Every structure is written in structure tokens, then in C-alpha cells.
Amino acid sequence: MKLTNKMLLACEGVMAKKGRTFMLALGVSVGTAALVFLVSIIFGAKAYVDKNVGAIRENLLVVKMKEKDSTPAKALDDSAYRAIENSAGPVKGIYRELPIDPRLGILIKDASAPFKVFDVVGVDVGLFKSYPQFKHNDVQPVNLKDVTFPTPTPVPPIVQEEKEDYVPILVPNIFMEFVSTLGGGGGNDTIVEEFRKYVEGRATFYIVVDDNKAYRCKVVGRDNSVSRFSIAVPYRYAVEWNKEQRPDRPLPNYSRFVVEANEIKDLDNIKENIVLAGYLPQPTEVQDMSIIVSRGATYLFAVAVTFCLIIALVAAIGIFNGLSISIMEQAPRIGILRSVGGTRSDISSIYLIEAFVIGLVGCLIGIVAAHLFMWGSDIALRDFLSDVTNLRGIDTLFSWDFPKVLYIRLGALGLGVFTSLFAGVGPAYRAARLNPAVVLRAG
Amino acid sequence: MAIISLKNVSKIYRTATGSHLAALDNINLDIPAGEFVAVIGQSGSGKTTLLNMIGGLDQPSEGSVIVDGHDITTAGDAELSQFRNKSIGFIFQSFHLQQLQTAAANVMVPMLFANASWAEARAMAETRLALVGLADKFNQRANQLSAGQCQRVAIARAIINNPTILLADEPTGNLDIHTGAEIINLLSKINAEQNTTLLIVTHDREVASQARRMITIEGGRIVSDTGTKGGNHETDQ
């Protein structure tokens, strides 16, 4: 029997039971739509995570002390710094971090001891008000846009700056308040860039140690995260300060070096070089975090795939039941088809084509419905969710990247049609095995 | 030369209780080509089983059935299906039409199984519907036709592939007397004009009397076989 004739008879069968066909196709549609929706939203979330987490310091490597396999362990001192500097190859920079580095917080804490409480001058200090270590009761929060930064008077003699080795004295989130006054937040490139220019161009930071000495600091920022902006002090001064202020506590070895590559693709080479030099380069904590988050997103994706398979299984059971009932109802028709020359193979083919048609139509409807629904909800909910969840920069809830959009829909179509065909095998086989004499007599 | 030949045919069913029930018991029957035969008997006597056996819808437990050169006993599914498609036309009491399909769509089906194109099948359906007097019902749905018209559509479907044998199972069972007579006349006409062997199963003696040969079945056995087969005679088997 010709395939076209089988298709013709299959379509007649589909049309002969419109209600049941509609319900079956509706089931397939809902399943397919759920599948497309689920995968799209997971892909959308993964893209968001990749974009926002992946952008943070991906081009950094951290060199730490070798642990068990290092005999003896190589100390991270200045000679090590030079060794890594010489072996790493072209890099953007190598930064050293001290275990008790002169971070501002530590300085402030230590300032309650015999040392003179230093001042941060030359910048409006309203932003520091939330830090209890500061006792400037007279400062009030102001809008930085309205502030004219005065030249601090008097400024103690400033230890001359040197070009090299500024050590970031990280103060987490200290600049967030700056940015808030400018109306922006983390992840907004424009605001961050504006902030960078604003602060670098107008504000000057000093750490005043005593009446005769002050360190001029500078603002450094290595990426687009505002919280990563730091006040940096020349390392040499940090060492000097340490010797001067805490002679009983010599500066220890560095806790780690941070190597910044020019480009992410250089990381492998740099890593290899550093390993050859006998040191242990690792991803940064932020990278670790991004890996964890990415793994989380992958896990979510796996969960979504599991849900998709469950949806497919439920749909398959539904289609199987629907087609089985349909075949029982159509037993006399099958008897007639057999009596006029249909082979078992013809009958099973006809019913498999019916399952295929139902699956195809259901999938197409489901895909279109899901597409429209996602498009609508993207417009309606994007801003709302962005505000509610405080996740800045949500461009879209779903994945709309062109090839991915196509693959998701084609995948859903393939899975839906395959599920329908798979679910149709049993009923089609049963239809083919019906005894025509029996069903014709019963009918 | 017999177009239908049954030798020692028995059909035994196993009942739910495990006992055996003989629907046909040692049947011997020869029917020459072009004959018009009526098979009569009470319900459960084995008439329909005999018809199904001849039509290749069922196979005997014992004996041999040879119809139009095909050994039904040994034929596989593909051969039996082709045999039914080419050689047999079935007509049923309850018509078995697709109610939502047009008369033409119902009639076309056997030709579709014979690898004809849709257009060829449609053209032939038109011819056959004209032959049974339903040329004007070509595009009418089956559920819009009367019972007599439905049976005519079923007859058109049965003859669309020019079968050598027509098997009608109670073709007038759902029709009034007048319409039933028309259907029998139509079948007789086809039998006469196309030399199609016609085998009608009925419990209606009036219908059976139209046939040139009448076979009576009781309890799965042929108890009489009267008519043109060498003149009227009683047969005990």
C-alpha cells in the first residue's frame, strides 16, 4: 500500500474522532509548551548567571603556597614574586596580598591602640558614616553630585608616591554608597564607568598617619563590579608603616599573588609557566564561586531535563491510553480495513501515522503557544521581576538567542513527535493484531 | 470448476470454561464460479463462520479451504490480505461505513489498498456508485444516507476492485422488506451481469429463495444443499 494512501486513511481516522484527537493534541500541546517554557527559562537563567558571574575576574589566577606536594614549601616572598613575574610571561599585572595587609579596616581597628587615629580627608566622608569606627559626628550624608571636594588643609607631608606596587586595601562595599548617590548599582557598566571617572578625577584619598606623614592613596578598580573598587596604598609604605607601627610584628610572607592575564585565553599558558616555576596557580575565589554558580545552573538544567522527560513520559502514557481507547472504539473500522485488503503492517502503519499526526500538530500548537506566552510574559514580567528580585540587568527571562531558540523548539518538536510515535507503537500493534472476523461480528 | 472448495473443514473454538465448541463440523462444499448461493440457518449455526472462512478472515482448525486458487489454510497475512483485496467483496448487515466520510471516501478504500492513486480510486468510486444507483450521493456523508442507501454504498465498496466473489452477511437484516428486496435484486443483477459468484448468508427464507442454490446449516453441519448444483437435492453430511 502506498504511503500516501496510508496517510490519507490515517487522516480520515483522525478526523473521524475529532473530539478525542483534539484532547490528545491538546495534551501534547500542553506538554510541549511546558517543555519549551522550562528549557527556555533555564537557558535564560543560565545565560544571566554566565553573563554576570562569568564576567567577574575570570582572567585572574591566584598563586598560593604549595601544600602537601611541596617539599619544602616555597615561601611566597619577594623573590617568589620576582620568579613568578619572570616566568609567567606577558601579563597585565601581578598583585601581592598580605595576610595582615594594611587594610583600612585593620588600620582602623588598630587605631584604637597607641597609634594616632588617622583621618580620611579630601573626600566627603558621609559615606563612612555607617562604619562605626569613624567618629565623625559632624558629617552628614550628602549627594556627591553636589559636593565640591576641598583640598584638605592642612595635609601632612605626603610620603612621595612611587610608581610600583600599590596594594589594594579592600573595603568591601565601601563604594556602593557612592554609586547609590549616582543612581546606579553593581553590574551597570555605564554607572560604574561614570563612577570611576568621577572618583578618579575629583576625589583624592589620603591616609594621615600623623602630623608629619600621610599616604596618598588611589582608587583602583579592575572590573565592572563597584564593590571591587579599592583604595590602594603603595606597598612600600604599607611595609614601612608596618615596621614603624608594629616593629614587634614583622611583615610576614604574602598570603598569595594574584596574576591578572591580558585575556582569558592566556590563562592556560600562564598557569603552565607558573607551575613550571614550582608554584601553584588556582582559580580565584570569585572564579570558584562562578564555577559553583555555573554548576548550580547546570544542575538546574539537569533538573529541567528530568522534568522534560517526566512530562514526555506522562504525555506518552496519556497518548497511549487515548490511542488505545480510540482503537477499541474503532475496532469495526479496523475490521473493515482488514476485510478489504489491509495487511497487519498496513494497519499498524496507519495508526502510527495517526499518532505522528497528532504529535506533530500538538507539538506545533504547543510551540507557538509557548512562544507567544513567553514573549508576552517577558514584556509583562521582566521589569517587575527585576525590581522584586533586585537582580539588576535582567534583559530577558527566557533564552531568545537565535540558534538556541531554534534548537529548543526543534528539540521539543522532536521529543514530542518521538513520544507520540513511541506511545503509538503499542496501540498500533494491538490494532494490527485484532481479529477482523471477531470485531466485525461485534460491530 | 469450483471457485470455492472446502474439504473436511472444521472450526473449533475453545470456550472460557475450557470446553471445545465446533462452529463448523466437517464441511465439504464446492461452489462453481458465477453461482448465486444462499446459506441459511439459525443464529449460531455457523453461517457467518463459514462466510469468514471463505473470505479469508478466519482460518479453519481442520480441513482445507481453497478459494479462487488461494489456499486459505496455509496463506500468510500478506497473501490473505491481497486475496481479500482482489478476489473478495464483503457486504455486512450493519454496513460498516465510516459515518463521517462521504459515500465516495467509503467506496474508495479497497482501491487505496490496491495501490491505486487517490484520483483513480475516486474515479472508480464514481462509476461504482452510479452502478448501484447513487451517482447523486457521491459527496454525501454516510450519516446522511438512508439504510438502503448505506447498503448500496457498501455494495459499491465491495465491487470496486471487481472481485470474483461477493460475500454478503445478512445484507437485508437491517432493511425493511421493500428495500431488502431491492438490495437482493441489485446483488442478483451484479451476479448475473458480471458473473460474480455471490454467497449470501441469511436466516430469511424469502431472501434465500432468490438464490439459485440454497445451503442449510445446522450445528455447524450442512444439512441440505439444494438448487442448481446438479438439480435440487438434499445432502446429508
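## Contact between chains A and B

In this predicted model, 24 residues of chain A and 25 residues of chain B form the contact, two residues being in contact if their C-beta atoms, placed from the backbone, lie within 7 Å. On the side of chain A that touches chain B, helix 1 (3–16), helix 10 (331–339), helix 11 (344–389) and helix 13 (436–442) each give two or more residues. Helix 1 of chain A supplies the largest share, six residues. Helices (H or I, at least four residues) and strands (E, at least two) are DSSP runs, numbered from the N terminus.

By class, this side of chain A has 12 nonpolar, six polar and six charged residues. Ala, Val, Leu, Ile, Met, Phe, Trp, Tyr, Cys and Pro count as nonpolar, Asp, Glu, Lys and Arg as charged, and the others, Gly among them, as polar.

## Confidence and conventions

The model scores ipTM 0.90 and pTM 0.64. Over residues 230–237 of chain B, pLDDT stays under 50, and the model has 13 contacts beyond four places in sequence for them. Where pLDDT is low, the predicted coordinates should not be read in detail.

Residues are numbered from 1 along each chain as its sequence is written, while chains are lettered from A and ligands numbered from 1 in the order in which they are written. Local features need pLDDT of at least 70, side-chain atom pairs count only at pLDDT 80 or more, and totals for chains, interfaces and linings use all residues.

## A helix pair in chain B

Helix 3 (residues 103–113) and helix 4 (residues 118–131) of chain B pack at an angle of about 120°, with their axes 8 Å apart. Axes are lines fitted to C-alpha atoms, for helices over the stretch in contact, and angles run from 0 to 180 degrees between N-to-C directions. The two helices are therefore oblique to each other (under 35 degrees counts as roughly parallel, over 145 as roughly antiparallel, 65 to 115 as roughly perpendicular and the rest as oblique).

Residues making the contact include B:Val107 and B:Met111 of helix 3 of chain B and B:Ala121 and B:Leu129 of helix 4 of chain B. By class, this contact has 10 nonpolar, no polar and four charged residues.

## A sheet in chain B

Four strands of chain B form an open sheet in the order 2-1-4-5, with antiparallel pairing; two strands pair if DSSP finds at least two bridges between them. Strand 2 (20–32) and strand 5 (70–71) of chain B stand at the edges, each with a single partner strand, so one side of each lacks a neighbour in the sheet.

Terms used: pLDDT = per-residue confidence, 0-100.
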